[in-house]
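Hi there,

Here is the structure I promised to pass on. Please have a look at it first, and then read my notes below.

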Amino acid sequence: MRGRAGRFVLGAVVVTVPVVIALLGPVLAAEPPARAASFTEGGDGHRLGTDFVGRDVWYQVLHGGRSVVLTALAATALACLVALPVGLVGALTHRRLVEELLMRPLDVLLAVPSLLMILLVATVFAPGAVGLALLVAVVNVPDAARLVRATATEIAARPAVEALRLQGETWWRIAVGHVGRSMLRTLAADAGTRLTGVLYLVATAAFLGVGAAPDAADWAVMVDRNRTGLFVQPWAVVVPALLIVALTTGTNLLFDAALDKRGRSPKGERVREA
Amino acid sequence: MSGLRSFVARRLLLGVAQVVAVVLLVFALTEALPGDAAVVLAGDQPDPARIEAIRTAMELDRPAWERLVDWAAGLLRGDFGTSLTSGRPVAQYLTGAFGPTLLLAALTVALLVPTGVGLGVLAARYEGRLVDRLTSSVTLAVYAVPEFALGVLLVTVFALRLGWLPPTAVGHGTDLLAHPGVLVLPVLVLLARPVCSLVRLVRAGMIDALASPYVAHALRYGVSGARVRYLHALPHALAPAVQQLARTIDWLLCGVVVVETLFVVPGLGTVLLGAVGERDVPVVQGLAVVFGVVTVVLNLGADVIAHRLAPRAGVAA
């Protein structure tokens, strides 16, 4: 009990720093200081020194988190919104053909490594932040839809659903009102773990130059572009890298602790039912 | 036994469908280009000679299905087409960069399985004790960290501050085995995520298995603790882990691209990223097919092994 609460607090603390910087940074940042020589080591108005083209690193850090956080949140939300109806229909349809048509293509898509898919599309389209969010969402849909379907199938086999069906309730009422509602917990849990994976993909794609301009204020882009000056000016790389580590680690710790709490109760209920 | 055979047959069928889908998807890429593909691919310098060269190189004036059939037939013969930027055959790119990537992947997998299983069993055996809590929190924390962030931090500490290891593989060509120091950080970064997920799965499976009636029964019969742990409980604990191992391959492929870029290793990932930057479509397509097919085959193998370890589990096929 104490361990879980401890992890929850730890995760919350770790994730707060990057999230606050990401969301409030652009508001807090003052006017950008004048450009200086590239890769200077702090002093004369540049708290963390300058980057590869002589911009202030602290100013870039304050602006660089928003794109990662917002793109990841949008992609996760989108993936869940698409996966929910697909998985639900796949589980509750009584026509085998519909189920096969919906689910089989997803099985096949699961085979393509996610980063490969993103790089493939990036070869021909050069997507921006919106494009990257769409792409990451698409990559996540097959897995999410399979989870929705598996959960919904399990719930649809319960006596309560059979009773509803015998009562002559409509398909919509059963699907949305009962099965959909019973799934919310599992789905929330899945969205949490999915967010960690999405954060990873968004940051890695930006590092590889997909979805962000080469001179963008973005933590992952900063790590990539300032790597050449690592020996002269490590802050321009270390600070954004640490923020990304804090963001991903914190999110994971937070959701793991939260899921642990939820994971227990349904099991307990089922034991009591039996 | 017939159950296993029919499972393998069904799983093979899915594998074939997946390979076909990968090939179609990769081919569809050029078809998805809006407008004239040659003009789009020429990019910033739409010089008529270059556009014409791209058009002839990719045979864009022939119907799409003819090109698809030709390309797919070429793939079967190991002919992946020619690069748009250098005019060299794509197969040459593949063979040239294959070595370093295979070395990185093989080293990672060779270290991954013993480390992951060993730590997982250790944590399960001392469940709730210090060792377990330590491994559990560290694996949970490192699990989600992107390779590039972990990589630059490790380089900063071990190459810059301490000077123990070289920061990149620059200057060693493709012969990395002769300079083992170069490989330490890349393999460490590649290992980080998969090890964490494997440890967690083995630990969870092992705890379940050790609490099961059959383990209690075997112990009551006087079978030794080690024998019960490794011959009775471990195979059951491994089944879900083997399947996760297949998913780890997806991560490894992502990881290889990042790690090769980060440490300047001249492998397939570097070639792929270079080709993406230059919009060299035939090279990207060739690499994508290779990566995709490798993933499909390894997934297939993992599913079959998982099925063999725990036939009741009913692996989706």
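Although B:V264 is not a glycine, it has a positive phi of about 50°. For background, most residues other than glycine have a negative phi. B:V264 counts as partly exposed because it has 15 C-beta neighbours inside 10 Å; a residue is buried with 20 or more other C-beta atoms within 10 Å of its own, exposed with 12 or fewer, and partly exposed in between, the C-beta atoms being placed from the backbone.

Before going further, please note that this is a predicted model, in which local features need pLDDT of at least 70, side-chain atom pairs count only at pLDDT 80 or more, and totals for chains, interfaces and linings use all residues. Residues are numbered from 1 along each chain as its sequence is written, while chains are lettered from A and ligands numbered from 1 in the order in which they are written.

Now the chains themselves. Chain A comes to 10 helices and 0 strands, and its C-alpha trace spans about 75 × 50 × 30 Å along the principal axes. Of its 274 residues, 47% count as buried. Chain B comes to 12 helices and 0 strands, with buried residues making up 41% of its 317 residues. Contacts (C-beta atoms, placed from the backbone, within 7 Å) with a separation of 6 or more come from residues 24 or more positions apart in 73% of cases in chain A and in 71% of cases in chain B.

Where the chains meet, 35 residues of chain A are in contact with 42 residues of chain B. On the chain A side, α4 (96-109), α5 (114-125), α8 (171-207) and α10 (235-273) each supply at least two residues, and α10(A) gives the most, with 11 residues. This side of chain A divides into 24 nonpolar, 8 polar and 3 charged residues. Here Ala, Val, Leu, Ile, Met, Phe, Trp, Tyr, Cys and Pro count as nonpolar, Asp, Glu, Lys and Arg as charged, and the others, Gly among them, as polar.

Within chain B, α5 (residues 90-125) and α8 (residues 180-210) pack at an angle of about 35°, with their axes 6 Å apart. The axes are lines fitted to C-alpha atoms over the stretch in contact, and angles run from 0 to 180 degrees between N-to-C directions. By class, the contact of α5(B) with α8(B) has 22 nonpolar, 4 polar and 1 charged residues.

Just after α4(B), B:G78 takes a positive phi of about 85°.

Finally, an unreviewed UniProt entry annotates "transmembrane region" at residues 102-126, 138-164, 176-196, 251-277 and 283-302 of chain B; positions follow the numbering used here, feature names are shortened, and annotations may be inferred rather than shown by experiment. In the model, residues 138-164 of chain B are 78% helix and 0% strand, with end C-alpha atoms 24 Å apart.

Best wishes

Methods:
Two residues are in contact if their C-beta atoms, placed from the backbone, lie within 7 Å. Helices (H or I, at least four residues) and strands (E, at least two) are DSSP runs, numbered from the N terminus.
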